[in-house]
Amino acid sequence: MSKMYSNKIQATTLAIFCKVVDNYGDIGICWRLARQLQHEHGIGVTLWVDDLRSFQRICPDVVTDAEVQELAGVTVLHWRNQDGVFSTDDVADIVIEFFGCDIPPGYIAAMAECNPRPVWLNLEGLSAEEWVEGCHALPSPHPRLPITKYFFFPGFTNKTGGLLHESSLEKQRRQFQSDQTAIKAFLAQVGLSPEEMASLKASLFCYPHAPVPALFDVWQRGDKAITCLAPEGVATEAIQAFLGTEARPGAARTCNALTVRVLPFVAQPDYDKLLWACDLNFVRGEDSFVRAQWAGQPFIWHIYPQDENLHHKKLRAFLQRYSPDIESLRNFSLRWNDARVGSGEERGDWPALWSRFAADMPAIARRAAEWQQQILANGDLASNLLKFAGSIRSFTTENKV
Ligand code: TRH
């Protein structure tokens, strides 16, 4: 089911190079993109990844000692410093380096020898800042070789590449969220009791420095039953302190209004279900942050920390686009990330932050639904990327003629 793009050039092969810098987001994004390009656009995708263990956590079918494997129609290659062994036959029609990871020089040299040359894209990280629109699609000619790389930025406006979104995602989500039996079966499968299912359910995915103990303290003292669901390995210190035992999947403890339960770290599609099944989601990084937006539920973002608090700028830029009018969401999000609110609550008055946020949850949920429609209008990243690649290849061809 290959698709034709506007320039009538059919891209048949595509390579994604992924270096896992940290955690699961790098491979999480590349794997999601690879599957979508293969399934929805009929592209022959090769995914080069240097860390198969991280990959296995989000995709249990990964064989960690295989040099080559086929997963969901995608060829996965273990990337370990292979160099100097590439010919033009090895080069894909479209080459994506994720997050500026340096692809092998031998592969770049082979790309420069191809005729026509492949389209070479650097897929960048997500930011809501305004400068992104100016940098999206900019060319960067190679200093020595006759080949140009283009920057491709995901984003929240129609002057960016948009966000990853599978064509069937919305239908799947609606079906799941309207089917109480399916929700209960899923929650039972990850260990929840009927009482926990009936409480307010919050999934928790954050970095270790999040103020989890302060939030647990407020939740325990509240008058509404809350179940906090934390995948194994998340906020381990705070969870263990609450549980008084090791944070293994299945471990749970209730103290007053709060139950904390450790879940298994699930495969990527099940993580979506967890977000859909919860009333509130704490997410982090980039990929879970985007999935929470597609889940259409209230969420709080723990942004990946950067030097000199650059991440606070990014967080504010997102909040400004997402919810300029909902102060409780803004304040809670800023304090969750240890950013200044601007008045009063600098030290984090968590009871007040939570009670204002909780009171606004219906309005926040309405905003989540509007936002979804707003970002859907930008198209999806995989399709936008292919359209862009098609425009480059036709530009190159015209120049040659
Ligand atoms: O794991 P993250 O913190 O990843 C990244 C990386 O640190 C990266 O270097 C950095 O650039 C980026 O953050 C900003 O957070 P993220 O992006 O949300 O990725 C998590 C992935 O793990 C996502 O694809 C969802 C998946 N996941 C599961 O598949 N199962 C689970 O149980 C959970 C909790 C997550």
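Trainee: How do the residues of the lining of the largest pocket divide by class?

Mentor: In this predicted model, they divide into 20 nonpolar, 10 polar and eight charged residues. The lining comprises 38 residues, and Gly25, Tyr207, Gly285, Glu286 and Tyr304 lie nearest the centre of the pocket.

Trainee: What makes up the lining of the second largest pocket, by class and by domain?

Mentor: By class, there are three nonpolar, five polar and seven charged residues, while domain 1 and domain 2 each contribute at least three residues to this lining. The pocket holds about 320 Å³ of space. Of its 15 lining residues, Arg35, Glu166, Gln172, Pro269 and Arg291 lie nearest the centre, and the elements giving two or more residues are α1, α5 (169–177) and α10.

Trainee: Why is the largest cavity called a cavity rather than a pocket?

Mentor: The word is used because a 1.4 Å probe fits at its points but cannot get out, whereas a pocket is an open set. The search of the whole structure finds four cavities of 30 Å³ or more, and the largest of these, at about 120 Å³, is over that limit. Its lining has 14 residues, with Ile29, Pro154, Leu164, Glu286 and Val290 nearest its centre. The elements that give two or more residues are α1 and α11, and α11 gives the most, with three. By class the lining has nine nonpolar, no polar and five charged residues. Since domain 1 and domain 2 both give residues to this lining, the largest cavity lies between them.

Trainee: What lines the second largest cavity, and how do its residues divide by class?

Mentor: Phe299, Ile300, Trp301, Leu315, Phe318, Leu319, Tyr322, Leu329 and Ser333 line it, which divide into eight nonpolar, one polar and no charged residues. The volume of the second largest cavity is about 50 Å³. The largest share of its lining, four residues, comes from α12.

Trainee: In what sense does α8 cross α9, left-handed or right-handed?

Mentor: The crossing of α8 past α9 is right-handed. Helix α8 (residues 212–221) and helix α9 (residues 236–243) pack at an angle of about 35°, with axes 9 Å apart. The contact is made by Val212, Pro213, Phe216 and Gln220 of α8 and by Ala238, Ile239 and Phe242 of α9, that is, by six nonpolar, one polar and no charged residues.

Technical notes
Residues numbered from 1 in each chain as written. Predicted model: local features only at pLDDT ≥ 70, side-chain atom pairs only at ≥ 80, totals over all residues. Heavy atoms only, no water. Axes fitted to C-alpha atoms, helices over the stretch in contact; angles between N-to-C directions. Left-handed = near helix turned anticlockwise from the far one by under 90°. Contact = heavy atoms within 4.5 Å. Nonpolar A, V, L, I, M, F, W, Y, C, P; charged D, E, K, R; others polar. 1 Å grid on protein atoms, 1.4 Å probe; cavity = no way out; pocket = protein on both sides within 12 Å on 5 of 7 lines; lining within 4 Å. Points joined across faces, edges and corners; volume = space filled by probe spheres on them. Domains from an automatic or database assignment.
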